[in-house]
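Me: Hi! Could you walk me through this structure? I'd like to start with how the pieces get their names.

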Amino acid sequence: MCEGKDKRAVSHGLKTTINMLSKTENEAAVSALLPALDSPHQWIQEEVLRALMERRSPTGQREVLRRLHQVSDRWKEIVGRYQGRMSTALRDAVLGTDRQMCINGCQAILWFNEYDLMPVLISIAENKGAAEDQSHPHSDRVAVTLLDLAQQLHTEATGPRDYRIRRDPQLVRRHVLGSLELSIGRFMQHKRKEIVEAFLVLADRGNAVLKQILRDPHHACYLTLVEALAHSSRSGVMRLMLSFLDDPQAPSAALSAIAHRSDAKFLRLLLYKVGYSPSVPVAQNLKRVSTIPWFRGDLAVLDDLDERAQQGAVSMAMASGIKRQEVYHVVRHLLQKGNLGGRRAAAGALADFSGAEANALALATLDDPDPQVQAQVLGQLRQRGIPGAVSRLLEKVSSPHTVVREAVRKALSEFSFEKYLASFDMLDEASRQTTGALVRKIDPQLVPGLVREMQTPSRVRRMRALAVARATRTVRELEGQILELLADDDHMVRAEAAKSLALSDSATARPALTEALGDRSISVQEAARASLDQLEEAKTRQGVTEVWSRKEPTP
């Protein structure tokens, strides 16, 4: 019991001592605190660490930095609370020649987002910042740190502003860009690719230095800069490249770099930007692109794209200035092997291609499992002049998919009820029959339209509607309306109604015709008698057919 109290007393006393040492102005306190950083007790290490960070002692910070690669996450969390206080120690660490201190300093600079030290990193990367004017032995690591830090600044500057951080990332970005631009001017001395890439990460397409380099193939930095555009996986560089598509005066070197990249990450971003319908500036810039290497060969690069990206691939091919045969190659590949979005986009693009090969592809695509793809191609059949196009369209008129049926009706729009009705009086009987059969298959408005016509006050229109019903073989569907017309005030309409019922051998049609034999109009009586005779003949023929069908075949 007493031993526990003693331990608590020691802990309290030690904490009090450490707290006092953290506040005293006597620098000797640092020497007293440093050995405790290596204490076997974690709580003592952490208390001493806080004390050293509070004192802002360069000596203490250097010792903390020296151990940074071996510490726990808890240490990193504590040190992180004091970021901004270690700039001097970090600067000394990266300027010095001690390898581990340089590594730790670079790591801490990234942890703490120490953008103010970027000019120092640039100087070291150029091999100008080493002590005693000697080439810095760790300039490669510093250069990579500079590039990583530039990417972090880009992320901060382009993302939502965190107002808990007082510094303005846009102001920091402009300041750092100034240092990078000066370093770009010294490229022949240092030839650091990392500096060029860091510049691209932070620059925008309107940057004067960037525009100057891209328009001057003889610039010392031109090849390195274009190489970075063509291969960098940094999001800042990709963002910059894609922004050139919106520039009405985009440098050809930038467009060429865009067209030649086929890495999956960039390709997805590019094709998302192009989209299903490219904007005017994007389309104009793509038209300037005459070579897209990944649109050649087996096109396997397209197979791993999602639907949105495959749609963008079709749009890019169609909008670009590459050869038409290469564009067709892309369209055919996606129609045959693409995902749903890719096939739909390719089906629409196929309309721009004619010839036997494209026609054969269109016919083959009619078997696609997606109704949207089928509908796209169905709308192209007749304009292609394919023999039997109407027959192929009619095969799809009973499709279970509304979009397919609508595509057929649109392609065969001349066979609509309204057009058929308007031209009916000018057609001979044979044409009325053949065209009527097509209208019945194609236009679902045929029966509702005839009902409306049979209800109009115009005698001519009612009579024409009855004739259309006979020509289109829709008398059975309209029997109720026709029976009403059999009692019409106009005897000519009643006669047409009686004539029409010859095509409806139902339990209600025969009695109605029999009753019409007593109509006051002779023409109605004659029409009713003729219809009854036709019904009887039809019944007789049907009976004979059934008898013959039941006979056993001759051995």
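Reply: Happy to. A helix here is a DSSP run of H or I with at least four residues, and helices are numbered from the N terminus. Keep in mind that this is a predicted model.

Me: Good to know. How many helices and strands are in the protein chain?

Reply: The protein chain has 34 helices and zero strands.

Me: And what share of the residues counts as buried?

Reply: That would be 48% of the 555 residues. As for the accessible surface, the chain has about 28300 Å², and carbon and sulfur atoms account for 51% of that.

Me: What about contacts between residues at least 6 apart in sequence: what share joins residues at least 24 apart?

Reply: In the protein chain, 68% of those contacts do.

Me: Let's go to the backbone. What stands out about phi at Lys 191?

Reply: Lys 191 is not a glycine, yet its phi is positive, at about 50°. You'll find Lys 191 in the loop that runs between helix H11 (187-190) and helix H12 (193-202).

Me: Is Lys 191 buried or exposed?

Reply: Lys 191 counts as exposed, because its relative accessibility is 53% and the cut-off for exposed is over 50%.

Me: Which way does it go for Leu 299, buried or exposed?

Reply: Leu 299 is buried, because its relative accessible area is 1% and buried means under 20%. Leu 299 also has a positive phi, near 60°, and is a residue other than glycine.

Me: Where is the place of Leu 299 in the chain?

Reply: Look in the loop between helix H18 (280-287) and helix H19 (300-303).

Me: Switching topic: how many residues of helix H14 are buried?

Reply: Seven of the 10 residues in helix H14 (residues 222-231) are buried, so the helix is mostly covered. Among them are Tyr 222, Thr 224, Leu 225 and Val 226. Ala 228, Leu 229 and Ala 230 are buried in H14 too.

Me: What do the buried residues of H14 pack against?

Reply: They pack against H11 and H12, along with helix H13 (208-214), helix H15 (235-243) and helix H16 (252-260). H11 and H12 are the helices on either side of the Lys 191 loop.

Me: Last one, Ser 531. Where does Ser 531 lie, and is Ser 531 buried or exposed?

Reply: Ser 531 lies in helix H34 (residues 522-550). With a relative accessible area of 1%, Ser 531 is buried.

Me: Which residues is Ser 531 in contact with, leaving aside neighbours within four places in sequence?

Reply: Ser 531 is in contact with Ala 498, Lys 499, Ala 502 and Leu 513.

Notes
Residues numbered from 1 in each chain as written. Predicted model: local features only at pLDDT ≥ 70, side-chain atom pairs only at ≥ 80, totals over all residues. Heavy atoms only, no water. Helix = DSSP H or I, 4+ residues; strand = E, 2+ residues; numbered from the N terminus. Buried < 20%, exposed > 50% of the residue type's maximum accessible area, 1.4 Å probe, protein only. Contact = heavy atoms within 4.5 Å. Areas by Shrake-Rupley, 256 points an atom, 1.4 Å probe, with all protein chains shown as cover.
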